[in-house]
Structures are given as structure tokens and as C-alpha cells.
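Keep the 3D view open as you read.

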Amino acid sequence: MEGLILFIGVIGNIISVLMFLAPVGTFWRIVKHRSTEDFESLPYVCTFLNSFLWTYYGIIRPAGGLLVATVNGFGVVVEIIYLILFLVYAPAKMRAKTAILIGTLDVGFLVAVILATWLALQGETRIDALGFICAGLNIIMYGSPLVAMKTVITTTSVEYMPFFLSFFFFLNGGVWTLYAWLIRDVFLGVPNGIGFLLGTTQLVLYAIYRNAKPADSISSGLLEEGRQHGEILETT
């Protein structure tokens, strides 16, 4: 059983690494154009926060947490690079907005959670409290795929829901749900189970709309909304 757990966890890590690297194309475009254009920084701010907390959770979890900590530790490093690039190439107004978000969520909220769980709680209570927070953040972040799917249905276009991204989202959720079941971790299992179901739904929508012609009445605003939420999907 230990060998199976390790194997599933390593597969999950590989898929998660690919998902963390999914926005590389976006940031290559940002560097090439020396501008963040209309891209938002919130997805990367939230993914950094989420990855850091899961890294902390994996470290303090006595069994089965090592692989959770390592892959999310990698995610923390990647998101730091993304955020630095965003701050370098963003216009002054967006740079200020991004700095406020980082200060509020990635510093203020993060420090508050770490201090509260470390100083006020101990043992299993600390692990459970942090697990609730991590799972809650993951579930909230799944709002972005829901909006992306709404955009696909409204526009009858899969332009902002790439197939391979949806496929890896499906695989990532499925593998980590299986891993969570093997190590009996409900906090890891619930959000990834939701991710697996959303990934499955995205693939079904892709199959339905992949050859459909976009409606003539689509506004540019809807497409822009889909693109922005596609960016959030890339990082969750």
C-alpha cells in the first residue's frame, strides 16, 4: 500500500507541476511585449497564498504530507517569479493594485493564519484548522472555472477554455482525490473531488462546443471575461 500511495503521489506531483507551469506562455507574452496588457494579477496572488498554505499543511501533517508540501513548495517559487514579473511590467495603477493585494493576502492574511494556528492551536486541532482553511480557499477558487464554463455556454466558443488545460485539471483532481482517499485525508479529498467533477464537466462542454461557431452577438466583454477567468483556471 505504501508503494501505491507513493506512486499516485508522484504522478499527482508531475501533473501539478505542469499546471503550475501552464501560465508560462502568458508571461512570455508579457515579457515580450513589456506589458501586462489586460491581464489581472489576482489569480497569481491567490495561487501563491493557496500554495503556501498547502505547503505549511503538508509540513505539519504527520503522514502523507511530504508530497503535498514538495509540489506546493514548487508552486510557491513559481508564483513568486510570476508576481515579480507582473510587478515589473504592470502599469503604475495595476502595479499599485497588485502590491496592495500581495500585502493584504500574501503577507497580512498569511502571517495571521500561521501565527493563529501555530500559537493558539496544537496537534490534530492545528492540522484540522489549517486543513479547513486550505480546503475552503480551494473551493472558493473553483468559482473561476464555473465562470469560464458559463462563458463557453454563452458564447458557444471554447477559445478561453483550452482542451489540455481542462484535461490536466481533470487529471489533477482525479489523481489527488485518489491520493487523499488512500491516506484518508478529507481536507485534500473534498476540494480535489470538486476539481475532478469540474474538470469532467469542462471536457464534456469542450466535446459539445469544440466545433460550434461563436454566436454573432457575442460582445467583446464576454470574451474578455472568459479570458481573464481562463487565467485563474490555469493557476488553480
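Met1 is exposed, because its relative accessible area is 67% and exposed means over 50%, with buried under 20% and partly exposed in between (1.4 Å probe, protein chains only). Met1 sits in the segment before α1, which spans 2-20. This is a predicted model, where local features need pLDDT of at least 70, side-chain atom pairs count only at pLDDT 80 or more, and totals for chains, interfaces and linings use all residues. Residues are numbered from 1 along each chain as its sequence is written, and side-chain values use heavy atoms, leaving out hydrogens and water.

Now follow α1 itself. Its 19 residues reach 26 Å from first C-alpha to last, close to the 27 Å expected at 1.5 Å a residue (1.5 Å times one less than the number of residues). Buried residues in α1 include Ile5, Ile8, Gly9 and Phe20.

Next, turn to helix α3, residues 42-60, where you will find Asn50. Asn50 counts as buried because its relative accessibility is 9%. Leaving aside residues up to four places away in sequence, Asn50 touches Cys134, Leu137, Asn138 and Met141, a contact being heavy atoms within 4.5 Å.

Finally, step back to the whole protein. The secondary structure comes to 10 helices and 0 strands, taking helices (H or I, at least four residues) and strands (E, at least two) as DSSP runs numbered from the N terminus. Of the 236 residues, 47% are buried. Among contacts with a separation of 6 or more, 83% join residues 24 or more positions apart.
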